[in-house]
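Open the model in a viewer and keep the sequence panel beside it. The stops below say what to select next and what to look for there.

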Amino acid sequence: MANFERFNPIPILKGLYTTFHSTFFEPVVTVQYPEEKRPVSKRFRGRHHLRRYDNGLEKCIGCALCAAACPADAIFVEASENNDDVRFSPGERYASTYEINMMRCIFCGYCEDACPTQAIELGDQYELSFTERVQAIYTRDMLLDTVDELEKATPRKVEPGAFDRSIPMMENPD
Amino acid sequence: MNALLEKHTKDIEDILKKYPEDQKRSAVMPLLYVAMRENGFVSKQDMYDIAEIIKVSATQVASIVGFYTLYHDKEGGKHRVQVCNDLPCALRGSGEYLEKLCENIGIKVGETTEDGLVSVESVMCLAGCDKAPMFQEQNPDGVFYHEDQTVESTLELIEQWRKQEAK
Amino acid sequence: MTEVLEEKTTKLVNLTIDNLEITAPEGTLIVDAAKLAGIDIPVFCYHPKMEPVGMCRMCLVDVGMPMRDRDTGETIMEKGKPKIQFGRELQTGCTVSVSEGMVVVGYTEKVKKGRQDILEFLLSSHPLDCPICDKGGECPLQNLTIGYGSGESRFDLEEKQHLAKHVPLGDLIWLDRERCIQCARCTRFQDEIVDQPVIGFQNRGRKLQIVTFSEPGFDSYWSGNTSDICPVGALTTADFRFGARPWEMQASASVCNQCSVNCNITFNTRREAKSGGDLVIKRAMPRQNEEVNEVWLCDKGRFAYTSVKKDDRLTQPLIREGETLVETTWEKALDLVAEKAKEAGKEMVSLVGGRLSNEDYFNINQLTAHLGGKSLLNSEMAGGDLVSQVGLGTGSNIADMGQGDAILIVASDLEEEAPLFWLRVKQAAERGAEVIIANARETRADRFAKYKIRIAFGQETAVILSMAGAKEGIAVEFLADDAKVKAAAKVFSEANNAVIYYGSDGLGLSGSEELSKACAFLLSETKHTGRPNNGLVAVWNKANLQGAWDMGFRPSETLAADLKNAKFAYVVGNDPASKDILEKSLKDTDFVVVQDVRLSETAEIADVVLPAQVYTEREGTYTSAERRVQRFYPAVPAPEMTKPDYKITAKIAKRLDLSLEKIAASLVFLDLAEKVADYAELDYVRLAEVTEQWPIIGRDDLFYGGTSYQNTQGLGKQISPAIETETIKYEAFVPSVLSKKDEFLAVPVTTLYDRGSTMLSSEVLQPRIADPYVILNTADAEKLGVEAGVQISVKLNGKTANVTAKLDDSLAKGIVLVPRSMGIPISDPGSITIKAK
């Protein structure tokens, strides 16, 4: 049975003090997600992006080393050949199919490490939820960076012989 | 059918006679000289014709043309200046010599001057390493070696050719 | 493993490689001896199938020999062991052969440094293409650089040569000039192995480059092999360009069904987006079988898989309703077929093609026999029964033939009919075997033949009979060169071992039948039967005609009438209606069932069409012309509604109260082995057995033998000819004479790149297909006013066609060669009229 004579209010008051203090005197740390979003760290590994060079050509050469490095077997790549009338990337080949199954991906970043042209980068988007399994497959068009000018879009027609290397040697080819 | 054979029937038959029945392919080198007589180079069609005459593949004929510096598969100047650019010659400065020479004549390696007098080529070993930079001159009269060359001496030589030509 | 080499040379020497004491036959090269001992010596230019050249210098090793006393010649001993003196310089392991007491060292700093420097030089002008290179992942240069390279280069990256990156060396092979390391494997292959030097080196030193001057470029049936043995990605095949990375693909064993050699292949498969995520074949690679195709493949076999298209496949049973074929269910279709078959009873005919598996043939034959019908084969060659009697003896391997042996080729353009046979016979000739050719025209096999008997078309049988010594009724006097025939006959009969290859050059069915009989007679007269490397080989023009014969199918001289009189025709895996005469008779057949993979011309006039499966989608066995039974395995999934042929037949049989196996091909084979005596000792497990093969190819050391696959799925089993157990007598006979009524006689010949469905529907091979043509004698052409390459009009069997005229000096006057499957249907020699346009 409870012993009222021995009732000690101090612990309760201490506790109430903590509540009182943090409510009125401490800064608010709760973020109103999804209205508000916390910035992510620089090294955060979120949804992937396929990058482009400054001239709009795609960096990906379809080598599938990302798929080979992927421990979760989440990436599927198929390559095709570029030509000067239909050019996607400055090298000989480009990824005609590029799919990442986000449900499989463990965001380890190995694909980023494996990429010889720094075409794939893990971005900071982490809101990946799906209502159907098929939605989890991010295709090439979803992953590729968008371009702001029409002339930078791929595929495009280029001067014959302007790109004659298998893999572009330079950081940003003309 | 075979233009080369038709044009030089007698000569080609004489050459072929020298070789035993099962060794006719050995006639390829003299036949290439026959083909070069006219224009100073072996055309692609000549290679096919020779291949047909001695029953080898045209690719084999082309390989021989490519291997020897004495055969040409492209039109060149009257005087072909063939600079050896192999390692020992390069160590004695033939690379720089070739570069400067071309600069002075105003053409690139493998090209011919506008007047069709001189073409400059870079070739493999001519067995003159100790007297490098050196070049082999080919003109309609034959093949001549010019050793211990400097850009100046070669330019002088070219000037002489030019004068001869003018006469 | 050493036994393979030991058989050939008896003298063995002892040597030490990397401290391992080994024994190797004298004359073995150091690289091969090391390979036998399981030690890797890296190579680029060396290939075990070709002569060593020592061009790449990658196989540097330190070679020491026991020191000898100058006066006594005695070996100098030191601490109880021979004192070894090493050379001052490193030597190339591919050009030095082993000798007694030799010590080879490959692990010292000196050797390591030597190899590092070679790699540094090779890479000084090699691009960093690995991520996009088709060879990347199975590239010897890549692997050896990781294994033996120094990891860094002293050369400036900027100074790398920039050369042409995609040079089409013909329609099938692409050349990347930057990647070439000038090992000359490809040019040596074309020169040494296939005697077609259509690619070669031009220029010298760093400017050295591969060129082709043939028309069309790289004009060879063997070009694909150069890409297998290329140690870098310089030569790649057109079909696989950027198709997939090597490590992404699965491998499944198969057997090529383009000709009767039955080369072992491996299909590489991968899922493909444009096929809706289905598993598809990405490329075909050779699979080592030293008794069949070694490590090579012809281009047709390599690229034939590209002709199988998903869209033109039959995927649903079809049933005729009035004028059109409508889709139906299997149940309905099979019920109708069974009902009609029952009605027809004895008046049914099964007509099969030459590319079904043994299991299919067996079931179809069982069903036909059950009804009492006829089992017919749609083929223009005969003699399968004789091959099963006097075929190659058990344990035959053409690679064992050489000095003292004879090979007779009759009526066959061997390279066109069966490329790998041509290659194997050529190699036997190089080892010293006497090759005798009795052909009516010049072929590529003439080059290595010692006896070339030029006969006229129609004399094939006569020449063989006269070689066998038969005189009566044989018009020997019209043979081209009697003395030569006698000399050849002597060589043939005195040979230790002798094999006859008979083909179908200029022959129809009746001619083929006579020729095969004559061949069997010659073999039995000369006692070249029942022993290894002796016997008869029919150079069939389809993959499994021998299997069809073994299972009881026979071609018919009266096929048109047979079909016409039949009440029920069960046409499986062939297209008789593509020939006018057969199409007419099929229209008279009461009920036609076609079982095929495509809607063929015959299917279009059929009453019921049943969708079958392609051989890449199912299991089965083929019997090669050398009577080797080999298994093929499924590589890709079949369309949902299709079924393998043996299963469809079994389902029909079930409705006719005949129980046939249908669960699996292996079970059908058990039934087959029980009923077909020759196959009695075989089952799927035995067919999958593998023994050690030399050279060791296709493991993780791709640098040694190229990217040909190791055979782990079965070398197959050669079945014994009947003559090994029973006595069979053959009689001489009077051959029929091929009469020439009109000015021109058309004779059928075979060309590898024909206009058959395989070639026409393959985008890769298509550019190599010639327009329809016939070959005329030059003199005849002059008379007609026809020049080479012009269009002429020909009339054959009542059908007129416009074709290109080709000329040939070696052809007899009045003869016109008409290639089979080349636009003008021809099955027998016959009159042809030619008009210049």
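Select C:Leu507 first. Apart from neighbours within four places in sequence, C:Leu507 is in contact with C:Ala411, C:Glu460, C:Ser512 and C:Leu515. This is a predicted model. C:Leu507 sits in a loop of chain C, between strand E24 (498-502) and helix H15 (509-525).

Is C:Leu507 buried or exposed? There are 31 other C-beta atoms within 10 Å of C:Leu507, so the residue is buried; the cut-off for that class is 20 or more. C:Leu507 and C:Asp828 lie 321 residues apart in sequence, yet the distance between their C-alpha atoms is 6.3 Å.

Next come two pairs of packed helices. Two packed helices are described by the angle between their axes and by the distance between those axes.

For one pair, select residues 330-344 of chain C, which form helix H8, and residues 645-655 of chain C, which form helix H20. Their axes are 9 Å apart, and the helices pack at an angle of about 60°. H8(C) is therefore oblique to H20(C). The crossing of H8(C) and H20(C) is right-handed. To see the contact, show the side chains on both helices. H8(C) brings C:Leu334, C:Asp335, C:Val337, C:Ala338 and C:Ala341, and these meet C:Lys651, C:Ile652 and C:Arg655 of H20(C). Sorted by class, the contact of H8(C) with H20(C) has five nonpolar and three charged residues, and no polar ones.

For the other pair, select helix H9 (residues 358-371) and helix H21 (residues 665-675), both in chain C. Here the axes come within 9 Å and cross at roughly 60°. H9(C) and H21(C) are therefore oblique to each other. What is the handedness of the crossing of H9(C) and H21(C)? The crossing of H9(C) and H21(C) is left-handed. From H9(C), the contact is made by C:Asn358, C:Glu359, C:Phe362 and C:Asn363. From H21(C), the residues are C:Ala665, C:Val668, C:Phe669, C:Asp671 and C:Leu672. The contact of H9(C) with H21(C) divides into five nonpolar, two polar and two charged residues.

Now colour by chain and look at where chain C touches its partners. Towards chain A, 13 residues of chain C are in contact with 17 residues of chain A. That side of chain C has seven nonpolar and six charged residues, with no polar ones.

Towards chain B, 13 residues of chain C are in contact with 11 residues of chain B. Select strand E11 (199-202) and strand E12 (209-212) of chain C, the elements that give two or more residues to this side. E11(C) supplies the largest share, four residues. By class, the side of chain C that touches chain B has six nonpolar, six polar and one charged residues.

The last stop is chain B by itself. Select 3-67 for domain 1 and 79-166 for domain 2. The centres of domain 1 and domain 2 of chain B, taken over C-alpha atoms, are 29 Å apart. Chain B has eight helices and four strands, which run from the N terminus as α-α-α-α-α-β-α-α-β-β-β-α. Along its principal axes, the C-alpha trace of chain B spans about 50 × 40 × 25 Å. Of the 167 residues in chain B, 31% are buried. Among the contacts in chain B with a separation of 6 or more, 59% are between residues 24 or more positions apart.

Key
Residues are numbered from 1 along each chain as its sequence is written. Chains are lettered from A and ligands numbered from 1 in the order in which they are written. This is a predicted model: local features need pLDDT of at least 70, side-chain atom pairs count only at pLDDT 80 or more; totals for chains, interfaces and linings use all residues. Two residues are in contact if their C-beta atoms, placed from the backbone, lie within 7 Å. Ala, Val, Leu, Ile, Met, Phe, Trp, Tyr, Cys and Pro count as nonpolar, Asp, Glu, Lys and Arg as charged, and the others, Gly among them, as polar. Axes are lines fitted to C-alpha atoms, for helices over the stretch in contact, and angles run from 0 to 180 degrees between N-to-C directions. Angles under 35 degrees count as roughly parallel, over 145 as roughly antiparallel, 65 to 115 as roughly perpendicular and the rest as oblique. A crossing is left-handed if the near helix is turned anticlockwise from the far one by less than a right angle, and right-handed if clockwise. A residue is buried if 20 or more other C-beta atoms lie within 10 Å of its own, exposed if 12 or fewer, and partly exposed in between; C-beta atoms are placed from the backbone. Domain bounds come from an automatic or database domain assignment.
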